[in-house]
Amino acid sequence: MSIQALLSELSERTIAQRVTNSHDQARLDYHPRSNIVKSWQEFEDIIADYMQYLYARCVTGGGRIGRSQAAGRAKEIINETYHRQGGDSTSAFRDCQEGVNSGLRGVLDILCDSEKEQAVRYYSRAVFDRYLPPDDWERRKVYVSEFIRHCGVALPGIDPSDPSRYARDIETLITALIRSLRQTSTIFRKL
């Protein structure tokens with residue numbers, strides 16, 4: 001395994017091909033009957049159905065998660081996103097009921113984007129784990145140093161003067177990579 005192979009697997013193009021394109025296509029293929037909902041029950045049914053659809057299509061390869069788990073995960077994502085704007089899932093429901101802030105389409109986009117980001121995180125972690133096994137400290141330090149050198153200033157919050165620090169803390173490196181992709185990459189841009 002080489003540093004070039006690691007860099008190739010963590011390139012924007014490879015991540016798009018292996019991870020994000022399927023989420024984007026699933027979002028494009030999911031068509032609710034309307035961009036507004038009439039009741040809380042309809043709202044919950046649609047977000048649960050969408051999460052089940054997304055998991056079957058992009059995560060489990062056909063397997064589905066239960067409705068309550070799907071609805072719970074959807075509301076958790078919605079609450080986290082809306083909380084940053086002073087709201088929660090009830091605010092999202094009102095948006096969908098009134099058709100404001102992109103209505104139901106906007107809420108489904110939030111769910112897609114969150115699951116897509118999580119998939120990129122899992123994929124990146126798997127790549128780093130494959131190339132940087134914890135039992136090969138020397139290789140870990142060298143590859144992390146090369147990775148940081150290759151990415152340069154594109155990794156926000158990463159101090160290139162101490163790469164061994166990130167060899168011990170790969171999660172910080174993954175978070176910086178995802179933040180960088182979110183800022184500069186088309187894989188996190190809205191369709």
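**Exercise 1.** In this predicted model, find which residues Glu9 is in contact with, leaving aside its neighbours within four places in sequence.

*Solution.* Start with the location: Glu9 sits in helix α1, residues 3-9. Next, list the partners beyond the excluded neighbours: Thr14, Ile15, Arg18, Tyr123, Val127, Arg130 and Tyr131. Then classify the residue itself. The cut-off for buried is under 20% relative accessible area; Glu9 has 11%, so Glu9 counts as buried.

**Exercise 2.** Determine which residue forms a salt bridge with Glu9, and what the pair ties together.

*Solution.* The partner is Arg130, with the closest N and O atoms 2.3 Å apart. Glu9 belongs to helix α1 and Arg130 to helix α6, so the bridge ties together parts that are 121 residues apart in sequence. Arg130 has a relative accessible area of 38% and is therefore partly exposed.

**Exercise 3.** Describe the salt bridge of Asp24: state its partner and say whether the two residues are buried or exposed.

*Solution.* Asp24 pairs with Lys116, and their closest N and O atoms are 2.7 Å apart. This pair links distant parts of the chain, since Asp24 is in helix α2 (residues 12-29) and Lys116 in helix α6, 92 residues apart. Both Asp24 and Lys116 are buried.

**Exercise 4.** Trace the network of salt bridges that includes Asp45.

*Solution.* Begin with Asp45 and Arg67, whose side chains meet in a salt bridge at 2.6 Å, N to O. Asp45 is in helix α3 and Arg67 in helix α4, 22 residues apart. Asp45 is partly exposed at 35% relative accessible area, and Arg67 is partly exposed at 33%. Through shared partners, salt bridges join Glu44, Asp45, Arg67 and Lys75 into one network. The count of salt bridges comes to 15.

**Exercise 5.** Work along helix α5 and state which of its residues are buried and what covers them.

*Solution.* Helix α5 spans residues 89-98. At its start, a side-chain oxygen of Asp88 comes within 3.0 Å of the backbone nitrogen of Thr90. Within the helix, the buried residues are Ser89, Ser91, Ala92, Phe93, Asp95 and Cys96. Their cover includes α3 (40-59), α4 (67-83) and α6 (103-131). Just after α5, Gly99 has a positive phi of about 75 degrees.

**Exercise 6.** Summarise the chain: how many helices and strands are there, and what share of the residues is buried?

*Solution.* The chain has nine helices and zero strands. Of its 191 residues, 46% are buried. Among contacts with a separation of 6 or more, 64% come from residues 24 or more positions apart. The C-alpha atoms fill a box of roughly 60 × 35 × 25 Å along the principal axes.

Key: Residues numbered from 1 in each chain as written. Predicted model: local features only at pLDDT ≥ 70, side-chain atom pairs only at ≥ 80, totals over all residues. Heavy atoms only, no water. Helix = DSSP H or I, 4+ residues; strand = E, 2+ residues; numbered from the N terminus. Buried < 20%, exposed > 50% of the residue type's maximum accessible area, 1.4 Å probe, protein only. Contact = heavy atoms within 4.5 Å. Polar contact = N/O pair within 3.5 Å; in protein donor to acceptor, adjacent residues only side chain to side chain. Salt bridge = Lys/Arg side-chain N within 4 Å of Asp/Glu carboxyl O.
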